[in-house]
Number of protein chains: 2
Amino acid sequence: MRERIRNNELLKKVVSPEEAAALIKDDMNIATSGFTPSGYPKAVPLALAKRVETSGEKLKINLLTGASVGDELDGALSRAGVIAKRYPYQTNESLRLAINSGEVLYSDIHLSHMAQQVRYGFYGKIDIAIIEAVAITEDGHIIPSTSVGNSPTFVQEAEKVIVEVNTGQPLELEGIHDIYIPEDPPNRQPIPIIKADDRIGTTYIPCGVDKIEAVVITDIKDNVRPLAPIDEISERMAGHLIEFLENEVAHGRLPKNLLPLQSGVGSVANAVLGGLVKSNFENLDFYSEVIQDSVFDLIDADKIRIASGTSLTPSENGLIRFYRNINRYRGKIILRPQEISNNPEVARRLGSIAMNTAIEVDIYGNVNSTNIMGSRMMNGIGGSGDFARNAFLTVFLTQSTAKNGDISTIVPMVSHVDHTEHDIDVIVTEQGVADLRALAPRERAKVIIENCAHPDYKPLLWDYFNRAVKQTGKHTPHILQEAFSWHVRFLETGTMKIKK
Amino acid sequence: MRERIRNNELLKKVVSPEEAAALIKDDMNIATSGFTPSGYPKAVPLALAKRVETSGEKLKINLLTGASVGDELDGALSRAGVIAKRYPYQTNESLRLAINSGEVLYSDIHLSHMAQQVRYGFYGKIDIAIIEAVAITEDGHIIPSTSVGNSPTFVQEAEKVIVEVNTGQPLELEGIHDIYIPEDPPNRQPIPIIKADDRIGTTYIPCGVDKIEAVVITDIKDNVRPLAPIDEISERMAGHLIEFLENEVAHGRLPKNLLPLQSGVGSVANAVLGGLVKSNFENLDFYSEVIQDSVFDLIDADKIRIASGTSLTPSENGLIRFYRNINRYRGKIILRPQEISNNPEVARRLGSIAMNTAIEVDIYGNVNSTNIMGSRMMNGIGGSGDFARNAFLTVFLTQSTAKNGDISTIVPMVSHVDHTEHDIDVIVTEQGVADLRALAPRERAKVIIENCAHPDYKPLLWDYFNRAVKQTGKHTPHILQEAFSWHVRFLETGTMKIKK
């Protein structure tokens with residue numbers, strides 16, 4: 001244990017999860033480590049949930065994290081009815097139910113905004129930060145595990161810190177992190193990242209012995225999410241996108257090794273990067289949020305110079321593979337605070353190629369990433385807006401249909417807007433690519449319908465667009481009486497198709 | 001004239017506007033100076049419009065500017081049917097008609113994006129740049145007039161340059177500009193602005209004698225827009241906002257002299273800054289796009305340390321006042337390229353307080369800045385997105401009703417989204433302030449309806465919201481069948497009110 005807790009004072013602060021959880025009181029702001037779902041605390045939240053469920057006491061907390069966290073935190077606490085408010089991004093089934101029932105209030109914030117807004121005081125005082133660590137240094141500084149997220153700011157701003165030292169997370173993670181907290185305005189300086197592999201900070205989260213109130217030891221593994229095997233639809237999307245990028249290189253609009261890639265979380269994103277393994281591209285930089293399995297493939301294929309993110313988010317097999325080859329992989333990986341991995345300053349400077357998935361896209365190029373049928377929260381905007389808004393090239397991908405063809409993901413008007421027409425350069429579906437750059441809305445409608453919509457829905461989209469041009473005309477032709485008729489039809493009949 | 005054209009070669013290139021306009025051929029990309037509407041070329045576009053109208057020749061160009069330009073350019077050319085496509089922002093009546101009839105294709109781009117996207121090649125080759133200048137240096141470099149806009153990049157990228165030396169613009173403007181063009185990825189460096197008054201470039205636009213194909217001399221004045229006198233409604237909005245800011249200072253969330261202010265164009269924005277003149281705030285920094293009359297008031301009241309923008313946009317009287325006191329004002333003013341004045345990197349670093357006006361806002365905090373009733377283009381997004389997305393504090397202002405009360409600017413769902421719920425911190429109407437920070441959608445609805453909506457529409461908004469919570473529930477309660485019923489009612493009956 002002296003390898004993991006390198007300070008004698010702190011060894012004396014080792015307590016049971018139950019004792020640590022006893023520090024948490026009603027109405028507190030609790031901020032934790034964790035990002036899509038890795039590196040989050042497990043033992044203390046499980047103990048807290050059990051305590052509340054057993055005692056029946058009234059206890060509500062506001063929970064701030066990096067992004068989505070595992071069931072031991074979001075799931076257990078929302079089932080125990082402990083979460084009053086939750087920020088930002090989540091993917092847990094139980095929590096999602098509680099959000100959509102109105103039981104948990106959820107504020108869906110750009111991931112790069114959260115840390116600075118905590119420092120700005122927009123969320124009030126942080127009572128306790130709970131941080132998963134692989135070790136604590138002699139000086140009481142925290143070496144995080146598989147993610148960095150918002151932990152550096154949470155530790156800085158919290159009144160007290162609980163550290164979960166996770167012996168299931170390998171000590172070899174030490175050195176992979178690069179921790180930098182910007183000053184706040186009016187004293188902020190430029191973030192000195194010029195290349196994706198620049199290191200600008202420390203390998204630990206500054207904390208200090210006195211601030212650590214309790215240390216808990218656990219070995220519960222990250223409850224990582226399975227990745228769907230790469231299917232034909234995803235491969236076709238990846239193929240279209242890679243062809244598009246090759247064409248950009250051929251026209252001199254991108255360098256031969258492209259520009260730093262950002263890729264969202266999930267199976268489609270994983271498939272797109274998988275496509276790059278088989279492509280002719282080399283010497284790629286990856287400046288993104290999450291590092292999924294396909295990044296290991298890119299490293300193995302020697303295609304990638306550096307992968308910078310805020311979180312390791314492999315599948316279960318990917319995690320085993322990472323740990324088995326940790327010394328090879330860790331030289332190619334940097335984990336940064338999400339305020340830096342997703343920073344608009346850096347994304348614009350480096351010239352990110354931002355590739356994220358959409359729930360639905362409309363004929364004028366607006367994108368919905370969060371609210372299904374306008375109301376039901378899926379996961380949240382995550383970092384897509386951080387990159388989409390500031391990238392060199394902003395690409396959104398989606399399969400052209402969902403629910404076995406009963407939903408067209410290309411619709412007359414999206415039922416919720418997370419990314420506006422002003423931000424979108426390229427739409428990719430398995431049908432093809434719509435290059436929207438420099439196009440007016442009426443031109444965008446034509447290429448989106450023609451290149452991206454599913455053949456089953458093309459005639460209906462053309463019909464809407466042509467009638468909107470005739471009836472309303474104007475800059476962005478819409479028939480407001482009908483704009484959501486596809487969604488309403490789905491809600492009423494179970495399909496966006498018109499039954500004959 | 002030797003003061004204005006300081007190179008002998010260039011004196012020989014002086015031609016008539018008609019001769020310069022003869023360089024413009026069908027299907028060209030023409031890029032001009034000009035920003036809201038000042039510092040745009042006048043003589044050459046007037047000559048071009050006249051030529052086409054007289055000859056009846058087929059001539060269509062794509063027109064790229066900084067932002068809105070005067071009637072001599074947008075008006076004359078759109079009436080002559082010369083504009084095929086137009087980028088970005090516009091306010092001209094004739095052009096707006098042509099855009100909304102579908103005759104001119106308009107692509108509404110974030111103002112900070114345009115220059116880099118031109119360099120990236122997203123718009124194709126720039127054939128000719130037409131730049132208004134107060135003078136040309138001995139080396140053929142261009143000293144711009146009352147705006148900088150995208151001129152530095154247009155000059156750099158254009159095949160040929162036409163300079164309109166405007167003798168109606170005072171030579172004393174020399175030295176006010178700060179011209180800096182960032183390198184493109186992967187070679188871009190941090191933009192070295194740490195304080196609003198940092199100067200980082202040259203006082204002229206680098207060009208060179210050879211690139212200048214023709215010089216035209218003119219004295220046509222900027223066709224500036226009148227500013228409405230500050231009315232009671234605007235004063236009340238300004239009052240609410242200043243009270244909000246004072247409260248932020250009292251709670252330690254803002255320094256005593258605030259953080260750099262950004263303010264949109266137009267009368268409401270002017271009124272808000274006007275309110276600051278009478279406030280107790282001092283030592284203010286202004287890092288924005290446009291410098292309107294109230295900035296001169298702030299300078300006269302010794303309230304302001306520096307006003308950095310990309311354009312001088314005073315009223316006619318304001319312009320006279322500026323010219324009369326130019327030596328006093330110019331030490332307090334810096335004009336930068338809009339890529340720098342509106343840069344997300346700088347806005348986030350400095351911690352902008354972004355104050356822009358909305359066309360309509362919905363109960364969940366989404367903002368429409370561009371498309372009236374979802375379709376009719378007003379002016380464009382301008383720089384509002386550049387700042388809103390990256391500010392320390394993002395504020396949108398709107399009077400709670402329009403059209404003599406027949407339109408509620410607070411609606412169930414905005415008919416077009418330019419700024420998403422994720423970006424908005426504060427809404428201000430003459431009714432009051434909604435502080436949306438850290439709130440979930442259901443909480444936002446309550447404060448927006450309660451604090452910002454007009455009493456005539458409050459019961460209707462509560463009715464929609466309460467029924468949406470009951471019927472649909474979920475994270476963002478909406479009744480899609482009714483979401484645009486207010487807009488439809490207005491289109492059909494001329495009012496959003498329900499007639500009894």
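The legends below walk through a few close-up views of this predicted model.

Residues are numbered from 1 along each chain as its sequence is written, and chains are lettered from A in the order in which they are written. In this predicted model, local features need pLDDT of at least 70 and side-chain atom pairs count only at pLDDT 80 or more, while totals for chains, interfaces and linings use all residues; side-chain values use heavy atoms, with hydrogens and water left out.

**View 1**
Turning chain A by 180 degrees, with 0.0 Å of shift along the axis, superposes it on chain B with an RMSD of 0.0 Å. Look for A:E345: in chain A, its C-alpha is the nearest to the axis, at 2.1 Å. The copies meet through the same surface, because 100% of the interface residues of chain A are also interface residues in chain B.

**View 1. Four rings of chain A, those of A:F296, A:F322, A:Y323 and A:Y329, form one aromatic cluster.**
Rings of Phe, Tyr and Trp (its six-membered ring) pair if their centres lie within 6.5 Å; planes under 30 degrees apart count as stacked, over 60 as edge-to-face and the rest as tilted. Over all chains, the structure holds 23 aromatic pairs. A:F296 and A:F322 are stacked, since their ring centres are 5.6 Å apart and their planes meet at 20 degrees. This pair ties together parts 26 residues apart in sequence, because A:F296 lies in helix α10 (residues 293–300) and A:F322 in helix α11 (residues 316–324) of chain A. Helices here are DSSP runs (H or I, at least four residues), as strands are (E, at least two), numbered from the N terminus. A:F322 also forms a tilted pair with A:Y323, at 5.7 Å centre to centre and 50 degrees between the planes.

A:F322 is buried, at 0% relative accessibility, whereas A:Y323 is partly exposed at 22%. Buried means under 20% relative accessible area, exposed over 50%, and partly exposed in between (1.4 Å probe, protein chains only).

**View 2. The charged end of A:R328 sits over the ring of A:Y329.**
It lies 5.2 Å from the ring centre. In chain B, B:R328 lies over the face of B:Y329, at 5.2 Å from the ring centre. To count, NZ of Lys or CZ of Arg must be within 6 Å of the ring centre and within 35 degrees of the ring normal.

Key
Least-squares fit on C-alpha atoms with pLDDT ≥ 70 in both. Contact = heavy atoms within 4.5 Å.
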